[in-house]
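Biologist: I'm new to this one. Could you walk me through how to read it?

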Amino acid sequence: MKQFVLPDRYDGEQYVCLTGREYHYLVRVRRCAVGDSFPAIDRLGGTYHATIDRVGDDSVSLRVSRSEAQAPDDVTIVLYQCVPKARKLDGIIRQATEIGVSEVVPVKSRYAIPDPGEKQYERWLRIAREAVQQSGAKRVPEIRRVIALEEIVPVTESHSLGLFFHQIPLENSSLHGYLTQRPGTVSLVVGPEGGLSDDEIVLLRHRGFLPAYLGPRVLRTETAAVFAIAAIRVILMESSTWTAS
C-alpha cells in the first residue's frame, strides 16, 4: 500500500472509524495492527499521516493528522472514453488513475455499447480508489456517469487543449507540437472499438477538439487511452529539458 484513501465523508477529524470494505482492506488484507502508520489522502488530494489507534472485531479507528501538502499537478487531464465492450473500462480507469488522470467521463457514441448500469459505476469508483492506494497518485480522479458524445464540454479556454484520437492522420500536426504551449487542461476523446463516425468527428471539431495520431499501428481502445495519457505525461514532464537546436 503506497497510501490509504480516506472515506469521502472525511472532513478533517482527528479520529475516523472505518467498517466494511475499508476495515477488511486494512485489517484482513494489509494486516495492519495498533500503532502501524502510513500516509493517507482525501478525495481532493489533501495529505495526512494515519496511525491505527484501535482494532475491533468489525471496525478500525485511525488517528489522522495533516501532513505537508503535495505539489499540485501542473496539468489536468480529462479522459472522455467511449464505452468499450465487456469490462474493458475497468482496466482503463485503473491504469489511467495510476498514470495521473484527473477525471474519467464514460461516453456513449454511435459504436459504443449500451449504457452501463449502476453496479458498474460503483465498481469504477472502487477501482479508482484502489489504484490510488496502490500507485501513490496525488488524488482520486472524478469518475463521471455516462454522457452522450454531444454533451462533451467544448474547449473554449485559451490555456486548454482538446484532442480526439483517430486511426489516420487528419492534420499535419504532432502530439509534441500540440503540447508545446504547455496547456493547463488537456481533454482527450478516445473512441470505442468501432471508432468515431464521420459526423462525430465533425461535431468534435466544432467543439474545439483537434485530431491526434498515435502512429500506424491499430490500437485497441483500451491501449489507445493509456498510450495517449502516458505520452502526454511524458512529453510535459520532459518539456523543461527541451532546448532549441
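Predicted model: local features only at pLDDT ≥ 70, side-chain atom pairs only at ≥ 80, totals over all residues.

Modeller: Residues are numbered from 1 along each chain as its sequence is written, and side-chain values use heavy atoms, with hydrogens and water left out.

Biologist: How many disulfides are there?

Modeller: A disulfide is a covalent bond between the sulfur atoms of two cysteines. The search looks for a pair of cysteine sulfur atoms within 2.5 Å, and over the whole structure it finds zero. Take cysteine 17: the nearest cysteine sulfur, from cysteine 32, is 15 Å away.

Biologist: Is cysteine 82 buried or exposed?

Modeller: Buried means under 20% relative accessible area, exposed over 50%, partly exposed in between (1.4 Å probe, protein chains only). Cysteine 82 is buried, at 0%, while cysteine 17 is partly exposed at 38%.

Biologist: What about nonpolar cores?

Modeller: In soluble globular proteins, nonpolar side chains tend to be buried together. A core here is a set of buried Ala, Val, Leu, Ile, Met, Phe, Trp, Tyr and Cys residues joined through side-chain atoms within 4.5 Å. The largest has 38 residues, and among those touching the most other members are Leu79, Phe165 and Ile232. A second, separate core has 17 residues, including Phe4 and Val60.

Biologist: Which residues line the largest pocket?

Modeller: Six nonpolar, two polar and eight charged ones (Asp, Glu, Lys and Arg count as charged; Ala, Val, Leu, Ile, Met, Phe, Trp, Tyr, Cys and Pro as nonpolar; the others, Gly among them, as polar). A pocket is an open set of points on a 1 Å grid over the protein atoms alone, where a 1.4 Å probe fits, with protein on both sides within 12 Å along at least five of seven lines; lining residues have an atom within 4 Å of a point. Arg21 and Glu22 are among the residues nearest its centre.
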